[in-house]
Each structure stands twice: as structure tokens, then as C-alpha cells.
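Please prepare a briefing on the structure shown below, going from the overall dimensions of its chains to their sheets and then to one helix in detail.

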Amino acid sequence: MSILELTNIETYYGPVMAIRGVSMSVREGEISVLLGANGAGKTTVLKTISGAMEPQKGKILFRGKEIQGIDPDKTARLGIAHVPEGREVFPFLSVQENLAIGAYTRNDNEVDDDIDLVYDYFPILAEKRKQQAAFLSGGQQQMLAIGRALMLRPALMLLDEPSLGLSPRLVGEIAEIIVRVNKEQNVTIFLVEQNAKMALDIGHYGYVMEVGRIVMEDSCKKLSQAADIQEFYLGVKDEGIRGRRRWKQRKTWR
Amino acid sequence: MTATHTVDLRVDPPMVAIDGFSSIPALFWHRVNANPERLVIREKDYGIWNEYTWADYGRNAKYAGLGLMALGLKPGDVCSIAAEVCKEWLFADLGVVCAGGITNGIYPTDVSNQVAYLVNDSGTRFYFAEDEEQLDKILDVRANTPSLEKIIIFDMEGLRNFEDDMCISFEALLDLGIAHEATHPGAWTTSINAADAEDLLTLTYTSGTTGPPKGAMISHRNMLYMMITLQRVCGIFDSDEQVAFLPLAHVAGRMFYTFATIEANSVINLVEDVETVIQDQQEISPSIHFAVPRVWEKQYSTILIKLKEGTAFGRWAYQLAIRIGSAAAVYRKAAAPVPLGLRAVAFAADQLVLKNIRRLLGIDEARWLSTAAAPIAPELIDWYWSLGKPMYEVYGQTECTGIITANEPGNLKIGSVGKAAPDAEVVLSDDGEVLLKSPGVIRGYWKQTKKTAETFKQGWLYTGDVGRIDEDGFLYVIDRIKDIIITAGGKNITPSEIENQLKFSPFISDAVVIGDKRPYLTCLVMIDQENVTKYAQDKDVPFTNYTSLCHTEAVQALIWDEVEKVNQKFARVETIKKCRLIDQLLDPEDEELTPTMKLKRKVVNQKYAGMIDEMY
């Protein structure tokens, strides 16, 4: 069953249509991925879902309820946690304070337990709990951002390029955490990535976006075998007769 | 400056000459020497229009030709060129021809095994490859192309460290030519003087709907006659500018771009890339313009869609202006003066509305528009007339080197393909097949005696088209004989007429009507991706990719509506009862499409047999 359903979303930046009629769905309990090059509109899709941007047209259904155009604060209360691109942790607050802020919508008394849970996932954060977030490394900040989102006890987590600027080893670690969070905490993940290999490795179902439109969708397993994905996103090139070829096939998206 | 033409049919073979020259090399070299400083080629490169004079053209062709001689080219050897429209195509072409060789154009969209077939069938010794991509295709198959000796590469980008005994750059070829001239002074002039009117100029492969492609053997005489014909029926001035964007491997590209330019001393502008055609055309605004129906259809649907997006006032103004334009066109078609009152209104409509549309399409400066190479809906020709631009439909085949009938100013019937060109004859056989005779009719197919004997009989070219000639001598081409559908009910139906009407819809890119030996007609439709996507988006129809777009009910209903509209124009037996959409995005590299993005009837019938059977 799909937890999130987008129907014909159009989102503008001023006069520029960034999302040109996007329809997709995210199935509950799965990791769905959205691939695309710079400027394809991936981040805008996430912002439109979380309410940071308002779509001009179209519907977004979250658990069967229309949520398009409502405030980010409300979508958060509904259980959608948005981990923005570039982490966006609060730099002058400590790690612990950052995590506490993640729970601002909650008034139960299990917040402290959840902070401990985050520390279980990211032991390095426990070591630095008193430190200002600004002094964390990029990878640690990413962990903190994910941890902060977990504090919401979300049903759906929107992850915007968590691998951005991280070393390959850290990318691997983050990927592992995403899979664990998905399984252990039963959080549905909607992952936007440029690192197609990582995303397709951990994802269940995937969409490919180009200039504001979806051009391809399939299971991640099938996507990673599609010729166009291999050539344009995974950098796989058949060694031609002459060795490495530089020119690219025309995209057909099939 | 106007060239003098000689066509003498009393001698056998007929005598054809331009400015007294009866071979392409002699005429070309005469043009180079007569006005070396004059501009002839413009080519857009990284957004800049670079200019080349006749002297540049001559020098490049000369050293390319001498370079090939240095590599061992003998008169009658075949050289293939696989490239998009670019200046090197022209340089290499004329170099080969002046050196006594035969040029064979290969579509840059052809895949490796097609390339291998063409190289082997033509016996190509020298192969020109545009760039890395084209090079890889020939390298893939060179183990199986025994005749191939040398590959010459136009654009060495990305190949700096590439070394191979069989490959050299175009620059290196020119250097070989320069060196060859030093050791063989006079070789070039000797070669030009040796060219004979009956020598072969080019092989032009025609898509084989039955069997593999056949190489049409076009001689110097054939092409000289075609250059004269183009001048006589179309009129090309030395001040004219053309934009070249159609593939030069096609006979229309060669005659309009390469050879008409040589005849008329005009200027040819080579577009930067397939994707920049619209912008390049707006920049150049050509004074004469030839294109194939698909291009005209696309332009028309672009405007229609833009109107739908526009304001209600804009649409109203367009409707009004096009009605006025259409009224004025009645007089213009007959080359009669437009009555004063109408003329004033038409002027206003033109300045306020129509001119802007023409500018957008890059045809505002055009004296005439010309269409051929595929059937076109008469309504579309009328639309261009209403826009204020005369469009003339012409007709011909590769086997007659291009044009044989033409509509001309003051002498046209829209829907017909015009009357026989001067010195050409068009008749119908007893069963209605169009037969042609002219000095442009070729000798036959390369190494295909059987096919040649079937197509060329007693000097007549059997076109394979069914036609009708009216009392004024205008030819109407009905369809390909083998495409005519005979339904199970015994009714003869010409699919192309229905298909043309379908393609007229902005949402339909191409269609194939089916119904041979079937109880009723059906069709397969290839949607216009851009316009249908836009439609779906506007109507809030959810879809993700091309396939899901085709499968949405809304799109199927949209296309069915368009089919129904067309159905109303035809008799009951000729109406389409069911249709299906081709749900894969096709590319010219797919076998279903020709290089000009038309569906191939036979391939479509085979490939989508399952889908077709579902409809019955």
C-alpha cells in the first residue's frame, strides 16, 4: 500500500516550472528512490511534499489525506520528516539540543529514550553530545540530521542527498543506517540521490527524473540493469572496440 | 548572375550542361575560379557562424581529393561519408567526385550492421567518419568489410591518443594532398578534365521495403539535369540563403544543399546540431526553404499548441488573421492581384499576426517553401499559404535524382504534385502506375541487375506509385502500389490519404493504417510526445513515463477523438474502427523509423503483429 501518492504535481520558482506534472507513489515500509541529474527537480519534489513549497497544481495524498500546500509544521506533525540537502543542523546548538528540537512536536515522556536510541545508531554523536553542531564533521552532521528527523518518530522520512560530500566509506555507513532505520524503526524512506549506485543498492523502487518530469520507473533491481541507467547514472561503459568510448548513446528510457 | 542551361534530348544519351560544363567537377572548379572571394558556406560552431568562400571550398575539396589519390583512389572507387550536415561533408564529397570517385552517403543514425552492409554492397575503399561515434561504428565491423582500406575522421575530439594504421584525420588527408600536389603537379586538373557526363557521381541507397537497400547509381548527367530542373521549377537566385538540416545521405539533401548551391552560386548555411535547427533557422531566416512533411507538420502543431496556451484574444486574432490570409491566398495561388479592399485587410492581418508566426518559424524571409519526399495533407499546404508563404509540393524519387513533377507559381493545384518538369515525361501504365522518363532517370541499381530490370523498362522508370493525371496534366499520387489495402470486403483503400489526415493532428506524430484482408480498418499511432505530455499535464492526467502516458485512458481517448475527427472526412468503409498507441518511445536508430522519423509500414506490421491482431 502506498503511504504517499503524488498526482500531477506542478511547482514553480517564479515563472519557471520546476516540476512539470510529476506523478509517483511511495509504498509503505519500503525505500523509494528518486534519481536525477542536477536541476532535474528532485529537491523541489521533496520540498513540495514537506510543504516548504506549494504546488501550483496537483494532489499529494499522505495516508489517503490531501496534504498539498499545507505548512511544513503541519506535515511534520503528520509524521513526515524532511532531512534537507546540506544537513541544515542548528550550528550554535549542541548535538543534544539539536536532537531535542527534533522532538518539538511531541509531548510524551519518551523523548529521552529516543535520544538514547539515536545515540545507539550513531555512537559518535553520544561522544560529542555537548559539542556545538557546527564543529561536527560533514558526516557527523549528516548523522545528526538523520537523528534529529528520527526524533519525530516519523512514518515517512524524506532524505535529500544524504551522501553529498561524504567519503565513500561514510556513504556506505549512512546507507547502512538508512536500511536499518527503515527496517528496525519501520520508517518508510523516500530517498533523493545523485549517488545512483548507493540509492539503487538499498532502494526497493525507483524513479528517474529529467528536467522536471519522470522518465522512468521500475524496481531498483531492474533500474540498475537498464542500459540508460548504467550509462548515464552508473558510469558503466561497454569497452568498445577502441577501448573507452566518450560519446553517449541517445537516451530511450526503456 | 544566371547560369546557362543546355538540355538536348535528340542525342542519346541526352546532352545536359550548365554554363557549358557537362560534368560536376568541371562546373565546380569553374565556380571556384570564377569567384574565389565569394561566400558560399556558413557553418555554426559553438554558436558562431563561420564563413567559407569558394576558394576555401575549392582548396579543401582539392586537397581532400589529392589526398585520396595519394592513398590510391582510382576513378570509379566508392567513398562513403557518415556524418551529420557539416562543411567537411561538402569538402569530402566534392573532393571525391573531382578525383573521379563515387560518393555514398551513410545516415549517421545507421547502426553498425547497416554500415557493414552499405560498405560491403558499395565496395567502399575509403570511409569518412564524422567523429568518435561514427568511427566506433565502422571499427566495430571492419573485420567483415574486406574492401575497406582507410578511415578518415573529420572531428578528432577525444581521439588525441588514438592511433590506428587504418585511420587518419581529415587534416592529415589534406596534408597528404598538399604533398601529393608537389610530386604530381597537374594531377588535379587532369582528373577534373577526365570527368565524363556518364560517370557515376554518387550512390544513394534507397530504403528497401522489400529486401535490403539498393544503391541508386546517379551520374553527373543525372545530377546536372536535376540542378537545371530545380532552377527552372523553383527558381534559385545567387542571393539566396538556404538552411541545411536534412541528412545529406538523402537525395533531397544532396540536390538542394550541395548541388543547387553550385548551380545558383547561392549560400548554404549548415546548422550546428539537430537540436539547434529551430534557433539556427530563426537566425538565418532562409530565403528559400525545402523540408519534408514531418518538419512542416511539427511546425504547424507547435503553433497550434502555443495558441492553446495563449490568451483568448490571441486565439481570436489568429483565427481572424488566418481567415483573411486564406482569402488572400486564393488570389496569390492563381498569381492574380488581390482586390484592393482585401489587400488592405490582409496587410493588417499580416503585420499584426501572421508575420510574428512566420518569424517564430524562421520562414519570414522565405520566397518559397517546398515539400516532398513523403505525402502531405493538402490542408497543411493551405495553412502555409494562409500564413502568407507560397508552398509548392514537388514529387520524385531517388531513381530520377529527385524531382520530376512540380507545382509552380501561378500553375498549381493543391493536393496534386504538379506537372511534369521541362524535358520530363510522366504517364500512367494501364494499371495506374506512375511511369517517368527524364534525363534525371538513373541507369539502375548498383550491382542489382534483376532489380534494375524490374524497375527500369524501355527507358521508363516504374515508380511503384499509383497515380492519376487530370485533364490539365497535374499528377495526383495516390499511394504506393504495395501499400494499397484491399479489405476482406474487397474495398480498395489508400492508407496514406487517411494517415496524412491523422498526422495533421498536433497529437499524432505518425500513424499506420492497417486492414489488408481484414474486415475493417484499424491503425497504430505514434503520439507526438511533447504535445501529448503537455496535454496530460494540463488535464491533470497522472503518468510517469512514455509507456504509462500512452496507457492512460485520457490519452487514449484524446487520440481516439482525433481519429474520429478524421473518420468524419471519409466514407464509412474507410473509417478506422479501432486504434492502438505504440507505447515505446522510438528513436531513428530503431528499425521501425526511417532517418526522417517516419514509421516503416512493413516493420511496424511485423513488430506489432500482436497488437494488431488484438484489434481483430
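The radius of gyration used here is taken over C-alpha atoms, and the globule rule that it is compared with is 2.2 Å times the number of residues to the power 0.38. The structure is a predicted model. For the 616 residues of chain B, a compact globule would have a radius of gyration near 25 Å, and the 25 Å of chain B agrees with that.

**Chain A as a whole**

- The secondary structure of chain A consists of 10 helices and 10 strands. Its radius of gyration is 19 Å, close to the 18 Å given by the globule rule for 254 residues, so chain A is as compact as a globular protein of that length.
- The C-alpha trace of chain A spans about 60 × 40 × 35 Å along its principal axes, and 44% of the 254 residues count as buried.
- Among the contacts in chain A with a separation of 6 or more, 66% are accounted for by residues 24 or more positions apart.

**Chain B as a whole**

- Chain B contains 21 helices and 28 strands, and its C-alpha trace spans about 70 × 60 × 55 Å along the principal axes.
- Of the 616 residues in chain B, 51% are buried, while residues 24 or more positions apart account for 64% of the contacts with a separation of 6 or more.

**A mixed sheet in chain A**

- Six strands of chain A form an open sheet with mixed pairing, in the order 6-7-8-3-9-10. Its edge strands are strand 6 (80-83) and strand 10 (213-219) of chain A, each of which pairs on one side only.
- Neighbouring strands of this sheet are turned against each other by 15 degrees on average, with direction ignored.

**A mixed sheet in chain B**

- In chain B, 5 strands form an open sheet in the order 14-15-16-17-18, again with mixed pairing. Strand 14 (288-291) and strand 18 (419-420) of chain B stand at its edges with a single partner strand each, so one side of each is left without a neighbour in the sheet.
- Strand 17 (residues 402-406) of chain B pairs with strand 18 of chain B in the antiparallel sense over 2 bridges, and B:Thr405 has B:Ala420 in strand 18 of chain B as its bridge partner.

**Helix 6 of chain B**

- Helix 6 (residues 170-183) of chain B has 14 residues, which at 1.5 Å a residue should span 20 Å, and this agrees with the 20 Å between its end C-alpha atoms.
- The buried residues of helix 6 of chain B are B:Phe170, B:Leu173, B:Leu174, B:Leu176, B:Gly177 and B:His180. They cover an arc of only 155 degrees around the axis, which puts them on the same side of helix 6 of chain B.
- An α-helix has 3.6 residues a turn, so residues three or four places apart point the same way.
- The face of helix 6 of chain B turned away from the buried side carries the exposed residues B:Ala182 and B:Thr183.
- The cover over the buried residues of helix 6 of chain B includes helix 2 (54-70), helix 3 (87-98), strand 8 (150-153), strand 9 (167-169) and helix 7 (187-194) of chain B.

Key
Residues are numbered from 1 along each chain as its sequence is written. Chains are lettered from A and ligands numbered from 1 in the order in which they are written. This is a predicted model: local features need pLDDT of at least 70, side-chain atom pairs count only at pLDDT 80 or more; totals for chains, interfaces and linings use all residues. Helices (H or I, at least four residues) and strands (E, at least two) are DSSP runs, numbered from the N terminus. A residue is buried if 20 or more other C-beta atoms lie within 10 Å of its own, exposed if 12 or fewer, and partly exposed in between; C-beta atoms are placed from the backbone. Two residues are in contact if their C-beta atoms, placed from the backbone, lie within 7 Å. Two strands pair if DSSP finds at least two bridges between them. Axes are lines fitted to C-alpha atoms, for helices over the stretch in contact, and angles run from 0 to 180 degrees between N-to-C directions. The expected span of a helix is 1.5 Å times one less than its number of residues. The arc is that of the directions from the helix axis to the C-beta atoms.
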